[in-house]
Amino acid sequence: MDLGLAGRRALVTGAGKGIGRGTVKALHAAGVQVVALSRTRADLDSLVVECPGVEPVCVDLGDWDATERALGSVGPVDLLVNNAAVALLQPFLEVTKEACDTSFDVNLRAVIQVSQIVARGLIARGAPGAIVNISSQASQRAITNHSVYCSTKGAMDMLTRVMALELGPHKVSPPGTPPNTQPSCPGRLACLADLLSVLVQIRVNAVNPTVVMTPMAQANWSDPQKAKAMLDRIPLGRFAGESGRSPAGGCTSSPHTRLGEK
């Protein structure tokens, strides 16, 4: 599928595993020049072998100053996918300061910081761009032992709305772009490809997937008793990714897509 993104430059956070890695591979295959950010060097090394030409950036997004240094010379970015996240699960009465600090630093604060860097660059260049925040259905549903994670994702959803409100007015239409272009995919969730490719302004959207059996999700949802309550809500009776397909894909409304958690 031609995503219409060839020649663009993208930054994907949390690129070492799961949906982030799948997104890098899909964008790379579509002719996008991808900057892949992860805190794990081994994941980046193997990703570069799979996708020659991908630019690796190894940094812990929980470290504000290190992130600023790492991305200070990243160069122009047209497309940003904020995917990096942690899920530190604790019963509400046992939630620790460390879990709160780490979760909000990575899941929310880093989204603000990286988006600021990219958006400021777009505005300075007078260029259009797109930002996609990978949120979660945990932003909308209470899940046992997920009080901190759910809170960070709920905050991300509201952050996405405010970012869209404030960044949307910075409109720069590329030559030949029809006015008022809208995503073409039907359904509640628009196509990830469309969210990235309709570059008529600085567009900000969130994608809120259900559980996807990436390494992070496998650690948290492998218990059949725990998983049953969630699976009972899913008509297909399985988590995304259990078919063996990549958790990242082109269009979230496609029946073939397994788009989901980090």
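View 1. The model is predicted: local features need pLDDT of at least 70, side-chain atom pairs count only at pLDDT 80 or more, and totals for chains, interfaces and linings use all residues. Residues are numbered from 1 along each chain as its sequence is written, and side-chain values use heavy atoms, with hydrogens and water left out. S38 belongs to strand β2 (residues 33-38). Strands (E, at least two residues) and helices (H or I, at least four) are DSSP runs, numbered from the N terminus. Beyond its neighbours within four places in sequence, S38 contacts (heavy atoms within 4.5 Å) A15, G16, D43, L44, V57, C58 and V59.

**View 2. The open sheet of 6 strands.** Its order is β3-β2-β1-β4-β5-β6, with parallel pairing. Two strands pair if DSSP finds at least two bridges between them. β3 (55-58) and β6 (202-207) are the edge strands, each pairing on one side only. From one strand to the next, the twist averages 15°. Strand β5 (residues 129-134) runs parallel to β6, joined by 6 bridges. G129 stands opposite I202 in β6.

**View 3. Helix α1 on the sheet.** α1 lies across β1 (9-13), β2, β4 (79-82) and β5, at about 165° to β1. Axes are lines fitted to C-alpha atoms, for helices over the stretch in contact; angles run from 0 to 180 degrees between N-to-C directions. Buried residues of α1 are G18, I19, G20, R21, G22, T23, V24 and L27. G31 follows α1, with a positive phi near 90°.

**View 4. Helix α5 on the sheet.** α5 (residues 147-167) lies across β4, β5 and β6. The helix runs at about 160° to β6.

**View 5. The largest cavity and its lining.** A cavity is a set of points on a 1 Å grid over the protein atoms alone where a 1.4 Å probe fits but cannot get out; lining residues have an atom within 4 Å of a point. The count is 1 cavity of 30 Å³ or more. The largest cavity holds about 30 Å³ of space, the volume being that filled by probe spheres set on the points, which are joined across faces, edges and corners. T13, L61, N82, N83, A84, V106, A110, V111 and V114 line this cavity. Helix α4 (residues 97-125) gives the largest share of the lining, 4 residues.

Conventions: Buried < 20%, exposed > 50% of the residue type's maximum accessible area, 1.4 Å probe, protein only. 1 Å grid on protein atoms, 1.4 Å probe; cavity = no way out; pocket = protein on both sides within 12 Å on 5 of 7 lines; lining within 4 Å.
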